[in-house]
Amino acid sequence: MRAGRKERTGGAPGFTDTVEEPARRTLRTETLIVLALSLGASAVLSLIRFVGALTKPEGLGEQAARLNSSFAPGRPWLDLALQLFGIATALVPVVLVAHLLLREGAGLRTIGFDRRAPWQDLWRGALVAAGIGSAGLAFYLIVRAGGFNLTVVPENLPEVWWKYPVLVLSALQNSVVEEVIVVGYLLRRLDQLGWSPTASLVASSVLRGSYHLYQGIGGFVGNVVMGVVFVWLYRRWGRVGPLVVAHALLDIVAFVGYGLLAGKVGWLPTA
């Protein structure tokens with residue numbers, strides 16, 4: 001190995017990369033910029049919102065965290081336009097990541113976000129979603145009952161024709177942004193920067209938990225655990241495709257299921 005170069009192996013199975021020492025500073029800056037434009041900024045906002053919830057007179061269990069709310073109540077067409085605009089612009093950091101990976105001669109294919117194994121990604125993702133979904137729901141109900149979590153309201157949209165299509169699109173957007181950036185892209189960059197697999201796992205998992213902190217302590221802990229599982233699966237499979245499928249299914253069930261069942265079953269908390 002020549003002086004001034006550092007070689008790392010890790011990431012997806014068979015992944016090997018070599019980074020010039022001067023390029024490490026560029027990669028570090030690039031990674032910070034990507035996170036600042038996406039999930040890193042979300043983590044900071046989530047922390048601020050969590051502090052705000054803690055300092056309210058009410059306990060966490062008496063407060064609500066609302067997702068997928070109306071942007072223009074009483075104006076359905078304007079609301080739809082704003083919903084679609086928000087979903088589209090949230091995907092811009094993924095486009096940036098794709099550009100940065102292509103520039104280094106890799107592309108999204110190198111993190112397993114492509115169409116090489118669609119059926120394998122689908123059944124793997126479905127199995128992961130089934131396991132995490134059932135455990136996650138039970139954990140949420142327990143921590144909320146203990147006063148450690150806000151009541152999560154997955155959707156708060158008006159009863160209009162586009163409600164459920166928008167919820168599905170929102171779920172797909174969440175899954176693509178989170179898994180491409182916080183797993184595929186971030187782990188690749190941390191490997192190139194010389195981080196150990198354990199340190200990368202901790203960083204990715206804690207970041208995932210941090211931008212869910214607005215839901216409460218349970219939201220943070222549950223998503224850290226989910227992050228550990230997802231990083232382990234990515235290291236094993238070398239693809240974010242199954243993780244995107246699993247995350248999308250989890251969010252679709254949560255968003256659409258809440259819309260259909262809220263107020264109709266006694267076990268589902270509402271606000």
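User: Which residues does glutamine 215 touch, leaving out those up to four places away in sequence?
Analyst: This is a predicted model, where local features need pLDDT of at least 70 and side-chain atom pairs count only at pLDDT 80 or more, while totals for chains, interfaces and linings use all residues. Residues are numbered from 1 along each chain as its sequence is written, and side-chain values use heavy atoms, with hydrogens and water left out. A contact here means heavy atoms within 4.5 Å. On that basis, the partners of glutamine 215 are Ala65, Asn149, Leu150, Val152 and Asn223.

User: What order do the elements run in from the N terminus on?
Analyst: Helices (H or I, at least four residues) and strands (E, at least two) are DSSP runs, numbered from the N terminus. The protein has 9 helices and 4 strands. Written out, the order is β-β-α-α-β-α-α-α-β-α-α-α-α.

User: And why call the protein as compact as a globular protein of that length?
Analyst: The radius of gyration is taken over C-alpha atoms, and the globule rule is 2.2 Å times the number of residues to the power 0.38. For 271 residues that rule gives 18 Å, and the protein is close to it, so it is as compact as a globular protein of that length, with a radius of gyration of 19 Å.

User: What box do the C-alpha atoms fill?
Analyst: Take the box along the principal axes of the protein. Its dimensions are then roughly 65 × 35 × 30 Å.

User: Where is leucine 47, and is it buried or partly exposed?
Analyst: Leucine 47 belongs to helix H2 (residues 39-54). Its relative accessibility is 45%, so leucine 47 counts as partly exposed.

User: Which residues does asparagine 174 touch, not counting those up to four places away?
Analyst: Asparagine 174 is part of helix H6 (residues 163-192). With 18% relative accessibility, asparagine 174 counts as buried. Its contacts are His247, Asp251 and Phe255.

User: What is phi of asparagine 68?
Analyst: Asparagine 68 is in the loop between strand E3 (64-66) and helix H3 (76-90). Asparagine 68 is also buried, since its relative accessible area is 16%. The phi value is positive in a residue other than glycine, and it is near 50°.

User: How far is the C-alpha atom of leucine 137 from that of valine 97?
Analyst: Leucine 137 lies in helix H5 and is partly exposed at 37% relative accessibility. Glycine 133 is in helix H5 (residues 118-145) as well, and its C-alpha atom is 23 Å from that of glycine 112, 21 residues apart along the chain. Leucine 137 and valine 97 are 40 residues apart along the chain, with their C-alpha atoms separated by 32 Å.

User: Over which residues does pLDDT stay under 50?
Analyst: pLDDT is the predictor's confidence in each residue, from 0 to 100. The protein averages 92, and 92% of the residues score at least 70. The model has 33 contacts beyond four places in sequence for the stretch where pLDDT stays under 50, residues 1-11.

Note on methods
Buried means under 20% relative accessible area, exposed over 50%, partly exposed in between (1.4 Å probe, protein chains only).
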